[in-house]
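Welcome! Please take a moment with the sequence and the 3D view, and then we can walk through them together.

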Amino acid sequence: MSKSFSNRDGWIWMNGEFIPWKNANSHIINQGLHYASAVFEGERAYKGKIFKSKEHTDRLFKSAKIIGIKIPYTESEIIKAKDDLIQKMDFKDCYVRPIVWRGSQQMGLSTKDADVNVAIAAWDDWATYFKIEDRLAGLKLITSPWKRPAPDTAPYEAKASGPYIICTMSKQFAEEKGYNDALMLDYRGYVAEGTGANIFFINEKNIYTPIPDCFLNGITRQTVIELINEKGFNLIEKHIQFNEINTFDEAFLTGTAAEITPIRSIDTTEYNVGNNTITFDLMNDFTSLVNSSL
Ligand code: PMP
């Protein structure tokens, strides 16, 4: 088991200043914890530089706006705070987690007098989100009984804490049954995504990915689509029916934490994995890209 996140050395940027990691606390009575009144980001730095830092910051502000929070800093202040934090922690390759939450000022559901807090943490022990041996072998997924809700039911374009309970329950369902992750379908029964990553399928030179009309259009997803187009493959965004998943040769997940991770199976459908797959080529291209776009 990895080291607890509440007991580490280092620094956390919180509400405008750097404070020792262990002192970065918020009172237990706060709206963020009780009502999931929070938005966050997940970013990665490679060789000391955050990949797509501006895009992640834009999304953080957009997420906050969608759920009605005004962040009391500018985007440039947040970008600088992230860079300063990584430097202060002396990290080269790490994961970065900005979070914005409503605090303890207001404990009803009203947001009127609620205070807004912002913190940024970074850690370097998520070299891989999934265990390296699982990543190389490809992940085993099971279809979750929980569905991505309709766009008028949850703020799907916001990386908001609330809807993550669906992901947490799906992940728990999968892990309890001995799988690495869950495939989530949407409210219509179309293939949506993994619990913390988008999904792609490959069939010869055609690469398919669901239309992000009720789940996050991941920044990694967008990067991988550019890579796919540059490589001359045929990228098709479409609604994918669940009964189509056994028509593909390969499948993979994309996300900041997951990067590109091959899928070995979904339920009883098996996919090709290994170093003569298109997924493997894309993984190599992605690694070169994130380490070179500095
Ligand atoms: N979907 C969900 C539910 C996620 O948590 C993530 C990770 N943020 C993604 C997709 C992928 O997004 P990104 O590539 O921007 O990390």
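## Around the ligand

A polar side-chain atom of tyrosine 164 sits 2.4 Å from an oxygen atom of the ligand. Please keep in mind as you look that this is a predicted model.

How much of the ligand does the protein bury? On its own, the ligand exposes 380 Å², and the protein buries 95% of that.

The surroundings are made up of 13 residues, the closest being Lys159, Tyr164, Glu193, Thr220 and Thr256. By residue type, this shell holds seven polar residues, three nonpolar ones and three charged ones.

## The cysteines

Now let us turn to the cysteines. How many disulfides does a search of the whole structure find? The search finds zero. Cysteine 214, for instance, is in no disulfide: the nearest cysteine sulfur belongs to cysteine 167 and is 12 Å away, whereas a disulfide needs two cysteine sulfur atoms within 2.5 Å.

Is cysteine 214 buried or exposed? Cysteine 214 counts as buried because its relative accessibility is 1%, and the cut-off for buried is under 20%. Cysteine 94 has a relative accessible area of 3%, so cysteine 94 is buried too.

Terms used. Residues are numbered from 1 along each chain as its sequence is written. This is a predicted model: local features need pLDDT of at least 70, side-chain atom pairs count only at pLDDT 80 or more; totals for chains, interfaces and linings use all residues. Side-chain values use heavy atoms; hydrogens and water are left out. A residue is near a molecule or strand if one of its heavy atoms lies within 4 Å of it. A polar contact is a pair of N or O atoms within 3.5 Å; within protein, one must be able to donate a hydrogen and the other to accept it, and residues adjacent in sequence count only if both atoms are side-chain atoms. Accessible areas come from the Shrake-Rupley method with a 1.4 Å probe; for residues, only the protein chains shown count as cover. Ala, Val, Leu, Ile, Met, Phe, Trp, Tyr, Cys and Pro count as nonpolar, Asp, Glu, Lys and Arg as charged, and the others, Gly among them, as polar. Buried means under 20% relative accessible area, exposed over 50%, partly exposed in between (1.4 Å probe, protein chains only).
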